[in-house]
Amino acid sequence: MLLSPKLLRLADKVIDSLDFDSSQYLTEESLQRLHDLFPDVLILAALDLIDQRKVTESSTPWGFVEYEVLGSTATHIVHIGLSNTLMSSYCTCPAFNFTVLETGKSLMCKHVLATRLAVRIGLCVKQQISLDYLATSISQRYRPPDNAYTQ
Ligand SMILES: [Zn+2]
């Protein structure tokens with residue numbers, strides 16, 4: 001059975017309404033609400049990513065925000081809060097492509113859930129991207145290795 005957009009909207013609402021305590025742990029009741037919607041393994045994997053501070057929020061001075069989640073083999077770009085009626089989030093990982101888009105077996109992958117929760121709880125690693133940083137990161141991609149001319 002394919003998951004309906006209705007269920008996804010419900011999931012979005014539940015995530016938006018989650019409560020957490022002063023140590024930024026989800027309350028017992030909030031965890032229960034998550035368990036009603038998502039499989040345990042997905043919740044645990046998402047919480048683990050947050051614990052290990054693997055969700056980064058990068059923003060530019062002009063207000064562009066992008067999320068990155070460091071996976072075991074690659075960094076995935078996550079988009080949340082999309083104004084698409086069928087999909088409010090998107091992730092570049094293979095699991096999202098397969099279990100969400102192709103087979104509709106999941107509402108979201110662990111990276112999307114981790115990002116949604118990290119944003120809600122305030123546990124993203126925040127990074128400001130300045131013009132200098134952008135210029136440096138672009139020039140580094142095209143720069144020969146440091147020792148190319150010194151030896
Ligand atoms: Zn993903």
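View A. Contact here means heavy atoms within 4.5 Å. The model is a predicted one, in which local features need pLDDT of at least 70, side-chain atom pairs count only at pLDDT 80 or more, and totals for chains, interfaces and linings use all residues. Residues are numbered from 1 along each chain as its sequence is written, and side-chain values use heavy atoms, with hydrogens and water left out. L134 belongs to helix 6, which comprises residues 131-141; helices (H or I, at least four residues) and strands (E, at least two) are DSSP runs numbered from the N terminus. With a relative accessibility of 28%, L134 is classed as partly exposed; buried means under 20% relative accessible area, exposed over 50%, and partly exposed in between (1.4 Å probe, protein chains only). L134 and T60 are 74 residues apart along the chain, and their C-alpha atoms are separated by 9.5 Å.

**View B. The whole protein contains six helices and five strands.** Their order along the sequence is α-α-α-β-β-β-β-α-α-β-α. Of the 151 residues in the protein, 33% are buried. When contacts between residues at least 6 apart in sequence are considered, 52% join residues at least 24 apart.

**View C. Helix 1 (residues 5-16) packs against helix 2 (residues 28-37), their axes coming within 10 Å and crossing at roughly 165°.** Helix 1 is therefore roughly antiparallel to helix 2. Angles under 35 degrees count as roughly parallel, over 145 as roughly antiparallel, 65 to 115 as roughly perpendicular and the rest as oblique. Axes are lines fitted to C-alpha atoms, for helices over the stretch in contact, with angles from 0 to 180 degrees between N-to-C directions. The crossing of helix 1 and helix 2 is left-handed; this term applies if the near helix is turned anticlockwise from the far one by less than a right angle, and right-handed applies if clockwise. Helix 1 contributes L7, L10, A11, V14 and I15 to the contact, and helix 2 contributes R33, L34 and L37. By class, this contact has seven nonpolar residues, no polar residues and one charged residue. Ala, Val, Leu, Ile, Met, Phe, Trp, Tyr, Cys and Pro count as nonpolar, Asp, Glu, Lys and Arg as charged, and the others, Gly among them, as polar.

**View D. Helix 3 and helix 5 cross at roughly 55°, with their axes coming within 8 Å.** The two helices, helix 3 and helix 5, are therefore oblique to each other. Their crossing, that of helix 3 and helix 5, is right-handed. On the side of helix 3 the contact is made by L42, I43, A45, A46, L47, L49 and I50, and on the side of helix 5 by K110, H111, L113, A114, L117 and A118. The classes represented in the contact of helix 3 with helix 5 are eleven nonpolar, one polar and one charged residues.

**View E. T115 lies in helix 5 (residues 110-121).** This residue, T115, is buried, with a relative accessible area of 0%. Residues up to four places away in sequence not being counted, T115 touches V55, Y67, V69, V78 and I80.

**View F. V100 is a residue of helix 4 (residues 94-102).** V100 has 13% relative accessibility and counts as buried. Apart from residues up to four places away in sequence, V100 touches A95, S106, L107, M108 and C109. From C-alpha to C-alpha, V100 and M87 are 9.6 Å apart in space, and they are 13 residues apart in sequence.

**View G. One aromatic pair is found in a search of the whole structure.** The pair is formed by Y90 and F96 and is edge-to-face, with 5.3 Å centre to centre and 75° between the planes. Rings of Phe, Tyr and Trp (its six-membered ring) pair if their centres lie within 6.5 Å; planes under 30 degrees apart count as stacked, over 60 as edge-to-face and the rest as tilted. Y90 is partly exposed at 31% relative accessibility, whereas F96 is buried, with a relative accessible area of 1%.

**View H. Q24, although not a glycine, has a positive phi of about 60°.** Q24 is located in the loop between helix 1 and helix 2, and its relative accessibility of 31% places Q24 among partly exposed residues. R53, likewise not a glycine, has a positive phi of about 55°. The position of R53 is in the loop between helix 3 (40-51) and strand 1 (55-59). At 47% relative accessibility, R53 counts as partly exposed.
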